[in-house]
Amino acid sequence: MTQVASPAPALTRLGALVRAARDSRPLTSLSGDQLAMGLSGLCLVHCLATTVFFASLASVGGVFLDNHLFHEIGLVIAIGFALVTLVSGVLSHGYIMPFAVGSFGLGMMAGALSRPHDGSEVLATMIGVAVVALGHDLNRRARN
């Protein structure tokens, strides 16, 4: 006798999706540290995508994504988020380590702007972004 698969597993998965959507928080309820970590993730995606794009199309000259002004503005935005979230974290929980880690990462990102465009600046930027994201995560954990 053959058994027909019951629709129960599909309904269970659907129920889990509905519960996850119902329990999720809107974007406006995210903390500054969580938003900053999200922006760090977008920065990493930008670095990887730009590198892959230009490596695959060597004859393409970067007009927008490879522009220094674009990266300088991104660094200013990162410093702004760090000042707001990491400093308020120190004032809130009193731990200096998240601020120190985030500041070190920002320094790495700033130093990467001075590197030649030979691929090493992408690696330095990505490491700096990851360190900044770690600082924001430490700050978020210290608040809880």
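Me: Accessible areas come from the Shrake-Rupley method with a 1.4 Å probe, and for residues only the protein chains shown count as cover. How much accessible surface does the protein chain come to?

Reply: Heads up, this is a predicted model: local features need pLDDT of at least 70 and side-chain atom pairs count only at pLDDT 80 or more, while totals for chains, interfaces and linings use all residues. Residues are numbered from 1 along each chain as its sequence is written, and side-chain values use heavy atoms, leaving out hydrogens and water. Carbon and sulfur atoms own 72% of the protein chain's accessible surface. The total is about 9,400 Å².

Me: What pattern does the protein chain follow along the sequence?

Reply: Helices (H or I, at least four residues) and strands (E, at least two) are DSSP runs, numbered from the N terminus. The protein chain has five helices and zero strands. Reading along, you get α-α-α-α-α.

Me: Which helix gives the nonpolar patch its largest share?

Reply: The patch covers about 470 Å² and is made by L39, L42, L69, I73 and I77. Patch residues have over 30% relative accessible area and no salt bridge, with like charges joined within 9 Å and nonpolar side chains (Val, Leu, Ile, Met, Phe, Trp, Tyr) within 5 Å; a salt bridge is a side-chain nitrogen of Lys or Arg within 4 Å of a carboxyl oxygen of Asp or Glu. Two elements give two or more residues each, α2 (32-56) and α3 (68-93). The largest share, three residues, comes from α3.

Me: Is I73 buried or partly exposed?

Reply: I73 sits in helix α3. Buried means under 20% relative accessible area, exposed means over 50%, and partly exposed is in between (1.4 Å probe, protein chains only). I73 has 46% relative accessibility, so I73 counts as partly exposed.

Me: And T85, buried or exposed?

Reply: T85 also belongs to helix α3. Skipping neighbours within four places in sequence, T85 is in contact (heavy atoms within 4.5 Å) with G32, D33, H136, N139 and R143. With a relative accessibility of 5%, T85 therefore counts as buried.

Me: How far is the backbone oxygen of F81 from a polar atom of T85's side chain?

Reply: Here we're looking at T85's side chain and F81's backbone oxygen. The distance between the two atoms is 2.7 Å.

Me: How far apart in space are G111 and E121, C-alpha to C-alpha?

Reply: G111 lies in helix α4 (residues 97-113), and is partly exposed because its relative accessibility is 33%. In sequence, G111 and E121 are 10 residues apart. In space, C-alpha to C-alpha, the gap is 8.5 Å.

Conventions:
A polar contact is a pair of N or O atoms within 3.5 Å; within protein, one must be able to donate a hydrogen and the other to accept it, and residues adjacent in sequence count only if both atoms are side-chain atoms.
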